[in-house]
Amino acid sequence: MLTLHGSSRKGGNSDFLVEEALDGVDHTSMHLLDYQMDPIIDERHTEEGFTAVEDDYERMLKEFLEHDIIVFATPLYWFGMSGQMKIFFDRWSQYMRDPRFRFKELVKQKKAYVIITGNSPDPKISALPLIQQFKAIFDYVGMEFSDYIIGQANKPDEIKFDSYAMAKADLWSQQFKQLRS
């Protein structure tokens, strides 16, 4: 199991929900903020394909492809995913054609979970377009979208007061423990 943390602030509300959902569950965490990911230059339709990019992305992609369950966590930034998370997805275009990674084959074997935190207006409504975006991304590559949590919080630790999000994170924790036993 792998968690991809998209927040630009470590230890924030999204991270807290991830830790609640994976409490007692063996997993690997990657904070996208810790990696150099350059934006994509779209060369999908060129005969040569994409130009190699010298950053940390291939190392990250290898780690991603080694796991069967992925938890994507991002705050709701201006009603979308974080910039780091968007770059992570944008770069998939570069590797869908790269036979070294077998991306198209391996991504279809994965289950995706999404955690989003936001504040105002009510993220249980305002984050739904982002949930739809995640669903469309996963459908496009054939990845199973298993579930999501939308939590309401802004300042550090406010997520603890969202009883619905906390209860759902606890439910995930129980389910993940059963999957791994």
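Residues are called buried under 20% relative accessible area, exposed over 50%, and partly exposed in between. The views below show a predicted model.

View A. Five strands make up an open sheet with parallel pairing, in the order E2-E1-E3-E4-E5. Strand E2 (28-31) and strand E5 (144-152) are the edges, each pairing on one side only. From one strand to the next, the twist averages 15°.

**View B. Strand pair E1 and E3, with helices on the sheet.** Strand E1 (residues 2-5) and strand E3 (residues 69-75) run parallel and are joined by four bridges. His5 has Ala73 in E3 as its bridge partner. Helix H1 (residues 13-21) lies across E1, E2, E3, strand E4 (111-118) and E5, and its direction is at about 135° to E4. Helix H7 (residues 128-141) also packs on the sheet, where it touches E3, E4 and E5. The direction of H7 makes about 160° with that of E5.

**View C. The buried face of helix H2.** Helix H2 spans residues 57-65, and its buried residues are Tyr57, Met60, Leu61, Phe64 and Leu65. Down the axis of H2 these residues fall within an arc of 130°, so they line one face of the helix. In an α-helix, residues three or four places apart point the same way because there are 3.6 residues a turn. The cover over the buried residues of H2 includes strands E1, E2 and E3. Helix H3 (83-90), helix H4 (92-95) and helix H5 (103-107) are also part of that cover.

**View D. The buried face of helix H3.** In H3, Gln84, Met85, Phe88 and Phe89 are buried. Their directions fall within an arc of 135° when seen down the axis of H3, so they too line one face of their helix. Among the elements covering them are E1, H2, E3, H4 and H7. H3 is in turn among the elements that cover the buried residues of H2.

**View E. Salt bridge between Lys10 and Asp34.** The whole structure holds 11 salt bridges. In one of them, the side chains of Lys10 and Asp34 meet with an N to O distance of 2.7 Å. Because Lys10 lies in the loop between E1 and H1 and Asp34 in the loop between E2 and H2, the pair ties together parts that are 24 residues apart in sequence. Lys10 is partly exposed at 47% relative accessible area, and Asp34 is partly exposed at 44%.

View F. Glu58 forms a salt bridge with Arg100, in which the closest N and O atoms are 2.8 Å apart. Glu58 belongs to helix H2 and Arg100 to the loop between H4 and H5, so this pair ties together parts that are 42 residues apart in sequence. Glu58 has 25% relative accessibility and is therefore partly exposed, whereas Arg100 is exposed at 54%. Arg102 forms a salt bridge with Glu105, with the closest N and O atoms 3.0 Å apart. Both ends are partly exposed: Arg102 has a relative accessible area of 45%, and Glu105 has 42% relative accessibility. Salt bridges with shared partners join Glu58, Asp98 and Arg100 into one network.

**View G. Surroundings of His67.** His67 sits in the loop between H2 and E3. With a relative accessible area of 11%, His67 is buried, because the cut-off is 20%. Leaving aside residues up to four places away in sequence, His67 touches Met1, Leu2, Thr28 and Lys110.

View H. Most residues other than glycine have a negative phi, and most peptide bonds are trans. The peptide bond from Ser120 to Pro121 is cis, with omega near -5°. Pro121 is placed in the loop between E4 and helix H6 (123-126). Trp78, in the loop between E3 and H3, has a positive phi near 50°. Trp78 is exposed, at 81% relative accessibility. Asp157 also has a positive phi, near 75°. Asp157 is found in the loop between E5 and helix H8 (163-180) and is partly exposed, at 38% relative accessibility.

Note on methods. Residues numbered from 1 in each chain as written. Predicted model: local features only at pLDDT ≥ 70, side-chain atom pairs only at ≥ 80, totals over all residues. Heavy atoms only, no water. Pairing = 2+ DSSP bridges. Helix = DSSP H or I, 4+ residues; strand = E, 2+ residues; numbered from the N terminus. Axes fitted to C-alpha atoms, helices over the stretch in contact; angles between N-to-C directions. Contact = heavy atoms within 4.5 Å. Buried < 20%, exposed > 50% of the residue type's maximum accessible area, 1.4 Å probe, protein only. Arc of directions from axis to C-beta. Salt bridge = Lys/Arg side-chain N within 4 Å of Asp/Glu carboxyl O.
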